[in-house]
Amino acid sequence: LDQWTLELRSVDLQSAGNNKGHHTQEMGVEQLILRRGQLFSLQLSFNRPCQPHSDHITFVAETGPEPSELLGTRAKFLLTQAGLGDIWKVSDFTVDSTFLQVSLFTPASAVIGHYTLKLEIAQSQGRSVTYPLGTFTLLFNPWSTEDDVYLPSEALLQEYVMRDYGFVYKGHEGFITSWPWNYGQFEKDILDICFEILNKSLYFLRNPAKDCSQRNDVVYVCRVVSAMINSNDDSGVLQGNWGEDYSRGISPLQWNGSVAILRQWSAQGGQPVKYGQCWVFASVMCTVMRCLGVPTRVVSNFHSAHNTDGNLTIDTYYDRNAEMLPTQKRDKVWNFHVWNECWMIRKDLPPGYNGWQVLDPTPQQTSSGLFCCGPASVKAIREGDVHLAYDTPFVFAEVNADEVIWLSEDGEAREILAHNTRSIGKEISTKMVGSDQRQDITRSYKYPEGSPEERSVFMKASRKMLGQERASSFLLDLLGSAAFKAQPAQLQLYLARAPVWGQDLLLTLHVRRVRDSAHPWGTIRLEVRFCAQALLHRGSTREPLWKQAVHLDLDFGKEIHWPLLLPYTNYRNKLTDEKLIRVSGIAKVEETGWSMLVLKDLSLEPPYLSIEVSKRAEVGKALKVHIALTNTLAVALSTCTMVLEGSGLINGQITEDLGTLKSGDTLQIQLDLYPSKAGPRQLQVLISSNEVKEIKGYRDIFVAAAAAP
């Protein structure tokens, strides 16, 4: 009898072929890594030819700590039971001697995660024998029309799921800088770390079985990830630090990519990595979501409102000396803020809000009790539908709030210097598909500034956020201050030459006398007081580093160009790592006592880093890299270190101490890399010193597959 009992002898999960068909071969071919809603095949070998209709063969797939069919974390399906619809099933099989080739289908609504696959063979007297077939990982599938993350464009899929490097846009709306970033979502062990992140979340710790059962829902998963990238509530990946003391960790400016951060977090058993700021949080979240199969991009919003009280206005205060004053209010205008967009269908919202959704892992305020933000539909933000989940009012304010600038005396606001309805939410940027260029996506967040649609959307959102009465009085304030007074002069600050760190800064004040109701024709006398302060990333400033006052007599129709010099010695040790300076001027009209404000933000340029590589790059062959840096500053750069990174080019990082680089000297570095993966790659180089924290450069490299022997 025994010789007729069907027994499993071996199994081939056909990982290489399956992974290629499921667009996961970049993660390797040793493990079976699948995307849901798609067929995969395996080959089983038995002790005798299988009789499909008399041998009762059942497959069992399980995930999570307490697999259950009710919760969707366990599936049981017969070899011969061809089911219809979006269910676990055997789609096809063929018997060839003692081999059984099987094609299995996972539903597009399946829970993502690590699965075990087993085979049950029924025997006589109702007994059965169970054989383990192996394990596989199941991910979201943006290639499947049935998946909630379906993205119908191969070019977009290559960019937003498959590309493992990109750019983060930083700086200031007037001078946007692009920072290369190594996402590295296909690096060894990153996939396991992504599931480790899910398993350390408070939701999992409270109820593991329920949490796993909700991992079929992309809205749920991305909310969990958004909370887990910061460590404000949980053992999340990164600890934020917006001070300037990074001695207990690594400055947010000194990361090149996500891989080192995720590996350090995992190696420390879930201790938060020090330190992150918004672009680090968003870039790490991009790595995790792309790894899990959700199309994701990193988005920068310049002049971004941080409006915690939901009143859609941010107040800023200056004193008579043009010094921007510190405020106890949490409401601020950040120079820039970085978040993510993930692509998905929103079945939890009315029709029309599918597509890109904002997710923001930077800890700013709580949402349902945890520090997370989103998903908020970009379409809902554009239309002012701030009642729709999740956290849409907060994101709406980030791109639409108004900025009111006050003149303050003796701790009290005396006079409105400006009411800017168009200054918040500028140059909203992301990397262009298939290119290193920046793409401006402001129009997807709001109608053109000043257009009838934009104002009507603003009022619609105001009514929902402030209530009918407060919204109406807000509009009257707005109208009152929009034409709040006709000024007798126009003031502008210009740069006389490019601002380079280590050199004196030259500016020009341009003043033009124009007609106004109080003094239509006569001469006016202006007292202009200037102040320069280091500008911090989150919108506040340090104490003044330079002050100056000028007196100007201005005849009607006349213009004055007044030079201003801000010496290097004034700002040398006063700037933050971002190297931003705000120059502000307040002009008092002696005849009326009214004041006018003029502002100019400066971003100081670091030295240029040059990276050259040999003509052809091939897997396994030496690739010559030549890096050069000339110190164009007036001072030496001390304690220089270099970090190189690039998925598929370097395993982990290469770090080198370079010592001191004197003023005017050039540093030359030559080294060989041995690429391990074919296709488009990016080499990221960071040189940092005590004087300038981040001199960054990158080089795109196309690596050819290894030549056939």
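Start with a pair of facing phenylalanines: F59 stands opposite F77 in strand 5. This is a predicted model, in which local features need pLDDT of at least 70 and side-chain atom pairs count only at pLDDT 80 or more, while totals for chains, interfaces and linings use all residues. Residues are numbered from 1 along each chain as its sequence is written, and side-chain values use heavy atoms, with hydrogens and water left out.

Strand 4 (residues 57–63) and strand 5 run antiparallel and are joined by five bridges. Strands here are DSSP runs of E with at least two residues, helices are runs of H or I with at least four, and both are numbered from the N terminus. Two strands pair if DSSP finds at least two bridges between them. Zoom out and you get an open sheet of five strands, in the order 2-9-8-4-5, with mixed pairing. Strand 2 (32–35) and strand 5 (74–78) sit at the edges, each pairing on one side only. From one strand to the next, the twist averages 30°. Helix 3 (residues 190–199) packs on the sheet, where it touches strand 2, strand 8 (113–122) and strand 9 (128–139), and its direction makes about 95° with that of strand 9. For these angles, axes are lines fitted to C-alpha atoms (for helices, over the stretch in contact), and values run from 0 to 180 degrees between N-to-C directions. Contact, here and below, means heavy atoms within 4.5 Å.

F59 and F77 turn up again in an aromatic cluster with F40, W88, Y115 and F136. Rings of Phe, Tyr and Trp (its six-membered ring) pair if their centres lie within 6.5 Å; planes under 30 degrees apart count as stacked, over 60 as edge-to-face and the rest as tilted. The structure holds 19 aromatic pairs. One of them joins W179 and W279, whose ring centres are 6.1 Å apart with planes at 65°, so this pair is edge-to-face. It ties together distant parts of the chain, with W179 in strand 11 (residues 175–182) and W279 in helix 8, 100 residues apart.

How accessible is W279? Its relative accessibility is 0%, so W279 counts as buried; W179, at 6%, is buried as well. The cut-offs are under 20% relative accessible area for buried and over 50% for exposed, with partly exposed in between (1.4 Å probe, protein chains only).

W279 also brings us to the largest nonpolar core, which has 89 residues and in which W279 and Y445 have the most contacts. Such a core is a set of buried Ala, Val, Leu, Ile, Met, Phe, Trp, Tyr and Cys residues joined through side-chain atoms within 4.5 Å. Helix 8 (residues 278–292) gives the most to this core, with twelve residues. Apart from it lies another core, of 62 residues, among them I560, I627, C640 and V685.

Now for the annotated site. An unreviewed UniProt entry places the feature "active site" at C278, H337 and D360. Although spread over 83 residues of sequence, they cluster in space, with a largest C-alpha distance of 9.7 Å. H337 is found in strand 16 (residues 332–344), and D360 lies in the loop between strand 17 and strand 18 (376–377). Leaving aside neighbours within four places in sequence, the contacts of H337 include C278, D360 and E398.

Methods: UniProt positions renumbered as here; feature names shortened; annotations may be inferred.
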